[in-house]
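Subject: Structure handover

Hello,

Here is the structure for you to take over. Please open it first, then read the notes below.

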Amino acid sequence: MCHFLERNAIWCPYIFHNITVYFRIPGNCFYFGCRVPWREDVMSKSMGETLIKQYGNDIERNAENRAVTKAWDLTQERLECCGVDSRGWEIYRESRWYRDQPNTAIKFVPVSCCKNIHVNRITRTRHCQETTMGPPAVTEGGKNDYLFYQGCYDAAYTFVMDQAGILLAIGFSFSIVLICGLVLSLCLFRYIKRTPTENRATSAPL
């Protein structure tokens with residue numbers, strides 16, 4: 001390979017440029033958290049709109065709203081979060097899910113926002129969803145031990161960043177594969193450009 005590069009020095013800047021580009025892509029993605037294409041205000045606004053307009057809204061007949069509702073419930077359960085912003089569970093009071101509830105049993109958050117409810121489920125779920133002396137009825141007040149306080153936007157971002165090392169390793173591995181492919185392509189290109197006489201001379205036995 002060194003002999004090839006010595007005889008084809010014109011290709012060196014091109015190879016160096018591609019190496020730096022391929023290695024900078026995963027590095028920049030790790031450094032900036034891959035957030036450049038997904039602006040925080042746009043993402044959080046979009047999440048809020050789906051929650052307000054589609055969560056729990058006519059899920060028996062509307063397949064899209066049913067899928068959105070399941071997605072939100074799964075996200076809140078798996079990431080242990082509630083709503084979009086941290087301590088932002090009041091967004092549910094703007095939702096169709098909240099407005100369509102019967103007046104006899106108002107719940108401020110869905111059960112997927114509740115934690116530690118596997119034991120004594122009925123009592124703990126009621127405390128999580130219906131407490132009026134603190135969260136989720138109000139933003140401040142005594143701590144609700146059965147309510148997730150972190151917002152799902154922050155929880156999702158933290159989850160992605162926790163996996164950044166794996167993503168970075170995959171990016172570097174892919175870069176190495178691309179570089180090897182580039183070098184092999186240059187070797188093949190050089191071999192094709194050679195004359196038949198040169199090819200026979202190279203392949204002739206000693």
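Start with C152. C152 counts as buried, at 1% relative accessibility. Here buried means under 20% relative accessible area, exposed means over 50%, and partly exposed lies in between (1.4 Å probe, protein chains only). C152 is found in helix α7. Helices (H or I, at least four residues) and strands (E, at least two) are DSSP runs, numbered from the N terminus.

What does C152 touch, not counting residues up to four places away in sequence? The list is M47, W72, T75, Q76, C81, C82, G83 and V84. Contact means heavy atoms within 4.5 Å. Q76 is 76 residues from C152 along the chain, yet their C-alpha atoms are separated by 6.8 Å.

A word on the source. This is a predicted model, in which local features need pLDDT of at least 70 and side-chain atom pairs count only at pLDDT 80 or more, while totals for chains, interfaces and linings use all residues. Residues are numbered from 1 along each chain as its sequence is written, and side-chain values use heavy atoms, with hydrogens and water left out.

Overall picture

The chain has nine helices and zero strands. Of its 206 residues, 30% are buried. Take the contacts with a separation of 6 or more: residues 24 or more positions apart account for 59% of them. The chain exposes about 13800 Å², and carbon and sulfur atoms supply 61% of that area. Accessible areas come from the Shrake-Rupley method with a 1.4 Å probe; for residues, only the protein chains shown count as cover.

Helix α4

Helix α4 covers residues 63-79, 17 residues in total. From its first C-alpha to its last it reaches 24 Å, close to the 24 Å expected at 1.5 Å a residue. That expected span is 1.5 Å times one less than the number of residues. Which residues of α4 are buried? They are N65, V68, T69, W72 and Q76. Seen down the axis of α4, these buried residues fall within an arc of 100°, so they line one face of the helix. The arc is that of the directions from the helix axis to the C-beta atoms. An α-helix has 3.6 residues a turn, so residues three or four places apart point the same way. The face of α4 turned away from the buried side carries the exposed residues K70 and R78. Two of the buried residues, W72 and Q76, are also among those that C152 touches.

Helix α6

In α6 the buried residues are T125, C128 and Q129. They cover an arc of only 85° around the axis, which puts them on the same side of α6. T125 has 11% relative accessibility. Leaving aside neighbours within four places in sequence, T125 is in contact with V111 and I117.

Loops

Three backbone spots deserve a look. E80 has a positive phi of about 55° although it is not a glycine. E80 lies in the loop between α4 and α5 (96-99). N120 also has a positive phi of about 55° without being a glycine. N120 is in the loop between α5 and α6, and is partly exposed at 46%. P135 and P136 are joined by a cis peptide bond, with omega about 10°. P136 sits in the loop between α6 and α7.

Salt bridges

How many salt bridges does a search of the whole structure find? It finds two. A salt bridge is a side-chain nitrogen of Lys or Arg within 4 Å of a carboxyl oxygen of Asp or Glu. R61 pairs with D58 at 3.1 Å, N to O. R61 is exposed at 73%, while D58 is partly exposed at 30%. D100 pairs with R96, their closest N and O atoms being 3.7 Å apart. D100 is partly exposed at 46%, and R96 is partly exposed at 31%.

Surface patch

F159, V160, I166, L167 and I170 form a nonpolar patch on the surface, with about 480 Å² of accessible area together. Helices α7 (152-162) and α8 (164-193) each give two or more residues to the patch. The largest share, three residues, comes from α8. I166 is in α8 and is exposed at 52%. Patches are made of residues with over 30% relative accessible area and no salt bridge; like charges are joined within 9 Å, and nonpolar side chains (Val, Leu, Ile, Met, Phe, Trp, Tyr) within 5 Å.

Best regards
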